[in-house]
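Reader: I would like to learn how to read a few features of a structure. Can we go through them one at a time?

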Amino acid sequence: MLRKLLIGTALASGLAFAAHAEDVKEVQMLHWWTSGGEAAALNVLKGDLAKEGYAWKDVPVAGGGGDAAMTALKAMVAAGNYPTASQMLGYTVLDYAAAGVMGDLTETAKKEGWDKSVPAALQKFSVYEGKWVAAPVNVHSVNWLWINKAVMDKIGGTEPKTFDDFVALLDKAKAAGVIPLALGGQNWQEATMFDSVVLSTGGPEFYKKAFNDLDDASLKSDTMKKSFDNLAKLVTYVDPNFSGRDWNLATAMVIKGDALVQVMGDWAKGEFHAANKTPGTDFLCYRFPGTDGSVIYNSDMFGMFNVPDDRKAAQVALATATLSKSFQSAFNVVKGSVPARTDVPDTDFDACGKKGIADLKAANEGGTLFGSLAQGYGAPPAVANAYKDVVSKFVHGQIKTSDEAVTELVKAIDDAK
Ligand code: GAL
């Protein structure tokens, strides 16, 4: 679909910009980093590029998970109006590369040694047919709990190690009159939480089979049904106003102590960081109960478009800055993520960041590093969207039972494949 839409414009834009004058000293970037923590992280990049004399042309499209941003990107590219780069997730990069609209950063990658420093799990999505088409900015991981420490102390809670422990902890919060679980009722947030529920319920092998291999028997299984049961249980701990709430507002509920916990990717930590909160003192980061030892990841990539020649120097500057070791540390400290290179010291990271770096390394070496289906790293966008849709209908009661949810999930994924 994407290919058909874009193929004509790839040619058209090439012709339109065939004549080039001097290098344009500007980076145009499409992204969905509009929350406090995200904007603070992006400022690190803007600052680094400004030092090199590049102006920043911001194209922000709000909406966590990037669905709205990807709609905007499609329209821009279809009009032959390529940004220098766009924030993208996993399979989306490959889709655009297959459509023939991405640039080629291989020369820069060689010069900078990306082959050696960027883990294979990320190269799978940033290199297409031997060419570097994207610069990975970070590695996020979704199977985390973010807990308000004062509330935890008040209710006498301890780290939940199993799903049942988690339910018991949520019950304690409820008894104390605190909102147990801060959730934003948007499909991508619900599905991001369900990624963790499935890993916890079925274990690493099951998660991989169901959500990375799209194995039919696993998708249909009783374990998947049990996962929906567990999701339904969690939803009983959410406040009545959760529908449509943005993820960062859910994080703010935990930061303020209005809620005990949020299940969210570690971009949530960027919000704690922006609010000057310290792990261990103000908040706690634990792996989602029953998922210790595994990491469900996504990585923000800057997809590099095949821009006209006079804009290529700016693109190279952006790519080089993005993967520099100093930037990888400075940016990810603020963003809540961990570096997309394996050779960046963890010195400047807080306790949660250090744990994130160590967990990623261990999972990568131990074969328990899995792509997030909700976050574009489990399967192509059509499948991910079908998944988000079913999970959300279940959370909002349009799909009533776990049995029905399993049937709908299998059907939706089948249709999308
Ligand atoms: C994710 C992205 C993160 C964060 C989050 C919420 O998809 O990877 O960087 O921005 O959305 O906006």
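Reader: Leaving aside neighbours within four places in sequence, which residues is asparagine 138 in contact with?

Author: Keep in mind that this is a predicted model. Asparagine 138 is in contact with Leu122, Asn298, Ser299, Asp300, Phe331, Asn332, Lys335, Ser337, Val338 and Ala340, its neighbours within four places in sequence left aside. The residue sits in the loop between strand E6 (134–136) and strand E7 (140–141).

Reader: Is asparagine 138 buried or exposed?

Author: Buried means under 20% relative accessible area. Asparagine 138 has 0% relative accessibility, so it counts as buried.

Reader: Which residues are closest to the ligand?

Author: Trp33, Glu38, Asp300, Lys335 and Gln375 are the closest, among 15 residues that surround the ligand. Now take the polar atoms. Aspartate 300 places a polar side-chain atom 2.6 Å from a ligand oxygen. For asparagine 298, a polar side-chain atom lies 3.0 Å from an oxygen of the ligand. Glycine 65 uses a polar backbone atom, 3.3 Å from a ligand oxygen.

Reader: How much of the ligand does the protein bury?

Author: The protein buries 100% of the 300 Å² that the ligand exposes when taken alone.

Reader: Next, the core. Which residues touch the most other members of the largest nonpolar core?

Author: The general idea is that nonpolar side chains tend to be buried together in soluble globular proteins. Here the largest nonpolar core has 77 residues, and Phe194, Phe211, Met224 and Phe228 touch the most other members. Helix H10 (residues 187–212) gives the most to this core, with 11 residues. A second, separate core has 67 residues, including Val61, Met88, Val295 and Tyr297.

Reader: How many aromatic pairs does a search of the whole structure find?

Author: A pair of aromatic rings is described by the distance of the centres and the angle of the planes. The search finds 22 aromatic pairs. Take tyrosine 82 and phenylalanine 305: the ring centres are 5.8 Å apart and the planes are at 55°, so this pair is tilted. The two residues are 223 residues apart, and the pair links distant parts of the chain.

Reader: Why is the pair of tryptophan 114 and tryptophan 132 edge-to-face?

Author: Planes over 60 degrees apart count as edge-to-face. The planes of tryptophan 114 and tryptophan 132 are at 75°, with ring centres 5.2 Å apart, so the pair is edge-to-face. Both tryptophan 114 and tryptophan 132 are buried.

Definitions and conventions:
Residues numbered from 1 in each chain as written. Predicted model: local features only at pLDDT ≥ 70, side-chain atom pairs only at ≥ 80, totals over all residues. Heavy atoms only, no water. Core = buried A, V, L, I, M, F, W, Y, C linked by side-chain atoms within 4.5 Å. Buried < 20%, exposed > 50% of the residue type's maximum accessible area, 1.4 Å probe, protein only. Helix = DSSP H or I, 4+ residues; strand = E, 2+ residues; numbered from the N terminus. Near = heavy atom within 4 Å. Polar contact = N/O pair within 3.5 Å; in protein donor to acceptor, adjacent residues only side chain to side chain. Areas by Shrake-Rupley, 256 points an atom, 1.4 Å probe, with all protein chains shown as cover. Contact = heavy atoms within 4.5 Å. Phe/Tyr/Trp six-rings, centres within 6.5 Å; stacked < 30°, edge-to-face > 60°.
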